[in-house]
Amino acid sequence: MSKTIVIVLDGLRYDVMVSSMGYLNHLVEKERAAFYKVESELPSLSRPLYEVLLTGTPCFVNGITSNQVVRLSRQQSVFHLASKAGLKTAAAAYYWVSELYQKAPFDYFADRIQHDETYPIQHGMFYFEDSYPDSHLLADGEYLRRVYDPDFLYIHPMNIDDTGHKFTADSAAYRGQALKMDSMLALLIPQWIEEGYHILVTSDHGMNEDGQHGGTGEGERNVGLLAIGSRFTPGRYTDESLPQLALASLMCNLLDISPSADMANIPVPGYTGLRNLP
Ligand SMILES: [Zn+2]
């Protein structure tokens, strides 16, 4: 098992990940990473897709059909499975992630920082302003990594999505926010590579030219997946889209734990897992 870091850049569409993230694309160009085009599940909304990413189930199964469904997940998420397998879990994420896997509804004052090894997310730092700076959120995630040494670390910044809603996807501000994120990741990822982590960088959904997402448009649905680590054969796997439902079982496989019975089991090209999923 390699320790795994999953970064979900909220609201980053595929073409802007390709055009505005020079460091991430450098890793692909120099054959240090595999790169995929992922088609998000529907609806292309945040809370439903957090649940898709972490449980590998579509919303007609998991019931998280809208951003307004505020309740705990009824599925076994990667956090649940990892924690039950004796692995250490941590997350620096938007408060909806706490509402899905920790407790709901979120209490701003009691739930912002959570340390409890009986919960699926054993060490959590959760924010509740969409403008909470990505720089601070990445620093929160790195703090959790350095202090608690989690096997599974989930990092989820919101500023790209927030900027897309304010200025649309076709704006200097939106592309600039992606550039800024790329520069910040360039400060962290080299160290993580050196320490042998598996790293996934992806998004829940994209953003359209109206500053919205939720529908079926390409800009809303298509997101990227950058995968780093010894089990991935570097290269571009972008001719066909990878279904987003594949991500949860991929995370389980990286952690050498069995996926839940309900998780989609979809092969990921270029991935040479050390063992087959049941
Ligand atoms: Zn959004």
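Which residues does Arg-175 touch, not counting residues up to four places away in sequence?

A: Arg-175 touches Val-16 and Ser-20, with residues up to four places away in sequence left out of the count. Touching, or contact, means that the C-beta atoms of two residues, placed from the backbone, lie within 7 Å.

Some ground rules come first. This is a predicted model: local features need pLDDT of at least 70, side-chain atom pairs count only at pLDDT 80 or more, and totals for chains, interfaces and linings use all residues. Residues are numbered from 1 along each chain as its sequence is written.

Arg-175 is found in helix H9. Helices (H or I, at least four residues) and strands (E, at least two) are DSSP runs, numbered from the N terminus. Arg-175 has 19 other C-beta atoms within 10 Å, so it counts as partly exposed. The cut-offs are these: a residue is buried with 20 or more other C-beta atoms within 10 Å of its own, exposed with 12 or fewer, and partly exposed in between, with C-beta atoms placed from the backbone. Take Glu-29 as a landmark. Arg-175 and Glu-29 are 146 residues apart in sequence, and 21 Å apart in space from C-alpha to C-alpha.

Now the helices that pack on H9. Helix H2 (residues 22-29) meets H9 at an angle of about 60°, with axes 7 Å apart. Axes are lines fitted to C-alpha atoms, for helices over the stretch in contact, and angles run from 0 to 180 degrees between N-to-C directions. H2 and H9 are therefore oblique to each other. On this scale, under 35 degrees is roughly parallel, over 145 roughly antiparallel, 65 to 115 roughly perpendicular, and the rest oblique. Gly-22, Tyr-23 and Leu-24 of H2 make the contact with Asp-182, Leu-185 and Ala-186 of H9.

Helix H7 (residues 134-148) also packs with H9 (residues 172-194). Their angle is about 20°, and their axes lie 10 Å apart. H7 and H9 are therefore roughly parallel. H7 passes H9 in a right-handed crossing. A crossing is right-handed if the near helix is turned clockwise from the far one by less than a right angle, and left-handed if anticlockwise. From H7, Asp-134, Ser-135, Leu-138 and Glu-142 take part; from H9, Met-181, Met-184 and Leu-188 do.

Look at E6 (residues 152-155). Strand E3 (residues 89-94) pairs with E6 in the parallel sense over 4 bridges. Two strands pair if DSSP finds at least two bridges between them. Ala-92 has Ile-155 of E6 as its bridge partner, and Ala-90 has Leu-153. E1 and E6 also run parallel, joined by 4 bridges. There, Thr-4 has Phe-152 of E6 as its bridge partner. Both faces of E6 are covered: Phe-152 and Tyr-154 are buried on one side, Leu-153 and Ile-155 on the other. In a regular strand, side chains alternate between the two faces of the sheet.

Further along the sheet, E2 (residues 34-39) and E8 (residues 222-228) pair in the antiparallel sense over 6 bridges. E2 and E9 run parallel and are joined by 5 bridges. Tyr-36 stands opposite Tyr-237 in E9.

Met-251 touches Thr-4, Val-6 and Val-78, not counting residues up to four places away in sequence.
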